[in-house]
Amino acid sequence: MDKNFQEEFTQIIKFKPPLYKQRHQFVKDLVEKYKPKKVADLGCADCSLLRMLKFCSCIEVLAGLDICANVMKEKMYTLSPLPVDYLQPSERSLTITLHHGSVAHKDPCMLGFDLVTCIELIEHLEEPELKKFPEVVFGFMAPSIVVISTPNSEFNPLLPGVMLYRHPDHKFEWNQAQFQSWALETARCYDYSVEFTGVGHPPTGMEKAGFCTQIGVFTRKNPQTGKSVQSEKPAEAVYKTVFKAVYPSLKDEKYLQNAVISEVIFTAQIIKHRLMSKHEEYGNDPERKSKFQPSMDCFSDCLGKLVVEKNMEPFVSGNEVHIPLATIFSFPKVNRLCGTFEKLCKLIAGKVTLSSDGSAVMFNIEHENEDN
Amino acid sequence: TIGLQVSSGLQDLSLRDRGGRRRDFHDLGVNTRQAMVHVQESKTGFSGRMVKLTTNHFRLTSRPQWALYQYHVGYSPEMEARRLRSALLFQHEEHIGKTHAFDGSILFLPKKLENKVTELFSRTRNGEDVKITVTLTNELPPTSPTCLQFYNIIFRRLLKMLNLQQIGRNYYNPSDPVSIPNHRLMVWLGFTSSILQYEENIMLCADVSHKVLRGETVLDTMHSLHSQVGEERFRDTCAKELIGLIVLTRYNNRTYRIDDIDWDNNPKGTFRKSDGSEMSFVEYYKKQYNIEISDWMQPVLISQMKRKRGNIQGSVALIPELCSLTGLTDKMRNDFNMMKDLAIHTRLPPEQRQREIGRLLNYIQKDDNVQKELRNWGLSFDYKSVSFTGRVVQGEKIFQSGNMFDYNPQFADWTKETRGVPLIRAVPVDNWLLIYTRRNYDVANTLLQSLFKVTPSMGIRMNKPNMIEVDDRTEAYLRVLQQRVTPDTNIVVCILSSSRKDKYDAIKKYLCTECPIPSQCVLARTLSKPQTIMTVATKIALQMNCKMGGELWSVEIPLKQVMIVGIDCYHDTVSGRQSIAGFVASLNQTVTRWFSRCVVQSRGQELVDGIKACLQTALRNWSKWNKCLPSRIFVYRDGVGDGQLNTLVNYEVPQFLDCLKSIGTDYSPRLTVIVVKKRVGARFFAEIGGGLKNPPPGTVVDTVVTRPEWYDFFIVSQTVKNGCVAPTHYNVIYDTSQLKPDHVQRLTYKLCHMYYNWSGIIRVPAPCQYAHKLAFLVGQSIHREPNLMLSDRLYYL
């Protein structure tokens, strides 16, 4: 069931931004602060939190888990890479996986995470599941940080129309004392510390009611325990993977090579174009003369500075244009992509036509058009 | 009959988020055949020899008694939000089943519920009880238009499930792109698909589609344009190059069309969010997507939203740095080297194309989720494409000054056969100008010598021209034209040193409007190769002859007193958004002379009013030439977009009839209106020697893959060197000719032989290609109607 939207529905009047957005923002702020690389969202439902987190540049692995495959499937394609992600692969790698399964079961795919979020999850758990939940999340997954949010029942009288629970699927709703005692006990048991906070401030005068959504942020005390515990407990895969997206990344040699080749050839083409237009005087065409606006012409600037250095001068010989790799390498974009000159040479080997000594990109201009 | 109207929500589904207008892309509801008695029984031809063909159509097999059940869903008390309505309804999945499509009020199910009216009770989280009434409103047979639309929606769901990426209307496979670094291009392989009711079966038509994507942002493009053209022409050039292009963004999966560039705005500018607050673009992208905009000086792109959202019709501002370009610009299309490099990847020969299509079907067959979805709806496909027989009609004989030629049908070209043979009508070139720049003096002389060599055998008498040297500036050319062109001038030949459009445009504009004289522009470059100069000179001589009203060759046209009309449109997306219709009508019995006009229509005007006027003048001219009015009129109408057929049938054809009526009460010629469509999904492959080849020119298909509600056929008339030949679709939407379908097909094929700029068979009837040429010239260069003095010549070739 779509919990986010139901609350938005009645509370949009009360909370601005809507409460679910505040919860997401809370997680996002936490991510910004601790820069986790691997994040899992338990009870990810329609993946809206994951959709937001995929834009956080520190995250390299994102996973979602939900007991209901249909609700995940409905919007899971929005987690796929965009065409532009393929066109301009990013520096970081990112893999997003969605699993179908229960938080009462252990699956090795959930090991090794830095942050696990359980936003409005626990109140949907039946008693036996809730009992197993701490062992699975804190004992087995054992991430550095766990975030758990759940409704605060003390706030319910302030919400219009809430009879028993805020959502028909809720199995319980705790008051602050109930949540805190459960959280403290869990933290103690698995060697975590916990801090309490929340989103959705109570109206003035009603401060005692507490936040509308109460949140516990659990931090593992011993950074080492996690890993040692894992290796002791081999577990079988019980979750079903329903979705997996590997984002194109420059960390992947294939994409890096493509990006480098494309940048090298493009850069070389521009240098060639410049060279040729200097060579074949374009005649007395006044329409061609141009004044450059500085902000729009970083490229020519850059070229001007670089070309003065010796051995980096591109030249024409017969029907061939030679553009030294060193010149190309000194362009910031190429430089940034490759890091070292050796890497550049390695990546373009066999893919770009080079001069016989391998020091320059070579073009044949025999069959080229002079203009346009 | 069953209404075509699917509720708006489901139409959204079919064209979701693509900014697509709610159009009936397949012209489903238009049934034109029922009004034509003579093709009720059969619309097939008979002549020619049989050829075994396969195609890219796959039969859809649904279980017996398959039907789609359409329900209306009502709520009491009324629930407004669509999401809430779905949520409440789907609490009852045990009743309605897991397979459903629901848009908020209309529910489609593959099964029939027990009762006609089902009442369900849900409770909102506020504890409010809601009664949901699900009422059966329609049982849709598999062939109903709604059902077909629905199949298409389901099929698109499948493509999505296969992890294909939607760009525009099609789906592409991002995992294995071809990159062409020389041009910073990337090509994605994808598929187009449509499911339609064909002659006997509902079939999936699947084809390979290539998406060209550019590995650079719009900002990158702006930078390189700036360094190419400089400050002064920068903004104009950006507008010319970028407006009309489709972009993708870094942050969502939408495509936008660039409609304008706001140079006064930049990323620091603010916009009003839906909640009313103001925010700068920089801030917004940082907050929403964690994207840092690096260049704060760049302008902002404007995209008009085509679709009304709620009641707001507005525009979207886009940041160039965050947009990637898709597709090709006209400039790129004109770049021979680029197109050559692209063609290697996009022109798939028949067998490879069929293999790629097979791959899609294979994905569908192998994927469990996809199969499950199909099963749930009770759908399945034949995984083998449909085979049938087509006909190859006999080749046409080419007549030229009493000589008759056969040509090799495999090449569909008679350049060699007719070389050195006198033309039907050679117009003498007594008084002409040859204009060139100093640099091209030698080239001009070479051209002249070559022309003198090739023209005598064609029967063209050619005097020495006035040779005029000019500076390589637009004004210099214009000044010479103003000073030296006289009423006696037959033609002006200009040698241009570059393909810079402004010079060409200025010359054409002057000589087509103010001073109506035929003109021929030649790029110096094309004359620079000694090995091809004779061929080039021959072509130029022929073209010059046509422009002055000459005739080259003819084919046998068995019909008497017939006027053939061709219409095509050009839509200028850049300057002023004009639309131009080219209108070309034959003037003589042999169909070798043409009357040409065009309609320049600004936004809001109806093109057809102008076309009506054209038809009137065309008839007047025909009667002047033939001393009577034509008794038969054939209109080949090209440039009709998907979903516009209805307008054509209900508005344009009645206007033609009106126009004929207005000529005289006793005048009632036989009229045939044929819609010509080049962009079709169908591909045919001839099974020859155990392999798949392109079908030979003259292949006619009028069964199996045509539509039952239309009088339509396909002709493959041209040949291609690389890749797959695309058949042209002809849809006869109005016909009082009483001719047999076979004769209409033959006439159509004959007309594909009559385009004088190409001594071979082309893809469409010559009048369509002439009309295209004219509309293109006017749209690209002249921007207003050329002088009518030129209308009896092919001055735009």
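**Figure 1. Helices α16 and α17 of chain B pack against each other in this predicted model.** Helix α16 covers residues 607-626 of chain B, and helix α17 covers residues 645-663. The two pack at an angle of about 35°. Their axes lie 10 Å apart. The crossing of α16(B) and α17(B) is right-handed. From α16(B), the contact takes in B:Val608, B:Asp609, B:Ile611, B:Lys612, B:Leu615, B:Gln616 and B:Leu619. From α17(B), the residues they meet include B:Tyr651, B:Phe656, B:Cys659, B:Leu660 and B:Ile663. Also on the α17(B) side are B:Glu652, B:Gln655, B:Asp658 and B:Ser662. By type, the residues of this contact divide into 9 nonpolar, 3 polar and 4 charged.

**Figure 2. Four strands of chain B form an open parallel sheet.** Read across the sheet, the order is β25-β24-β26-β27. The edge strands are β25 (466-470) and β27 (519-523) of chain B, and each pairs on one side only. From one strand to the next, the twist averages 20°. Helix α12 of chain B, residues 441-458, packs on this sheet. Helix α12 touches β24 (432-437), β25 and β26 of chain B. The direction of α12 makes about 150° with that of β24(B).

**Figure 3. Strand β26 of chain B pairs with β27(B), and a helix lies across both.** Strand β26 covers residues 491-496. It is joined to β27(B) by 5 bridges, and the two strands run parallel. Look for B:Ile495, which stands opposite B:Val522 in β27(B). Helix α15 of chain B, residues 533-547, lies across β24, β26 and β27 of chain B. Helix α15 runs at about 155° to β27(B).

**Figure 4. Three strands of chain A form an open antiparallel sheet.** The order is β9-β10-β11. The edge strands are β9 (315-317) and β11 of chain A, each pairing on one side only. The twist averages 25° from one strand to the next. How many bridges join β9(A) to β10(A)? There are 3, and these strands run antiparallel. In this pairing, A:Val316 stands opposite A:Val321 in β10(A). Strand β10 (residues 320-324) is joined to β11(A) by 5 bridges, again antiparallel. Here A:Pro324 stands opposite A:Ala360 in β11(A). Strand β11 covers residues 360-364 and is mostly covered, with 4 of its 5 residues buried. In a regular strand, side chains alternate between the two faces of the sheet.

**Figure 5. A:His322 sits in strand β10 of chain A.** Is A:His322 buried or exposed? It counts as buried because its relative accessible area is 11%, below the cut-off of 20%.

**Figure 6. B:Val705 lies buried in a loop of chain B.** The loop runs between β35 (699-701) and β36 (711-716). B:Val705 counts as buried because its relative accessibility is 2%. Which residues does B:Val705 contact, leaving aside neighbours within four places in sequence? They are B:Thr55, B:His57, B:Tyr198, B:Met203, B:Phe388, B:Phe684 and B:Phe714. B:Val386 is 319 residues away from B:Val705 in sequence. In space, the two are 8.9 Å apart, C-alpha to C-alpha.

Figure 7. A:Cys58 is in no disulfide; its nearest cysteine sulfur, that of A:Cys56, is 5.8 Å away. A:Cys58 counts as buried, at 16% relative accessibility. A disulfide needs the two sulfur atoms within 2.5 Å. A:Cys68 counts as partly exposed, at 29% relative accessibility.

**Figure 8. Chain A as a whole has 13 helices and 11 strands.** The chain has 372 residues, and 53% of them count as buried. Now take the contacts in chain A between residues at least 6 apart in sequence. Of these, 74% join residues at least 24 apart.

Definitions and conventions. Residues numbered from 1 in each chain as written. Chains lettered and ligands numbered in written order. Predicted model: local features only at pLDDT ≥ 70, side-chain atom pairs only at ≥ 80, totals over all residues. Heavy atoms only, no water. Buried < 20%, exposed > 50% of the residue type's maximum accessible area, 1.4 Å probe, protein only. Pairing = 2+ DSSP bridges. Axes fitted to C-alpha atoms, helices over the stretch in contact; angles between N-to-C directions. Left-handed = near helix turned anticlockwise from the far one by under 90°. Contact = heavy atoms within 4.5 Å. Nonpolar A, V, L, I, M, F, W, Y, C, P; charged D, E, K, R; others polar.
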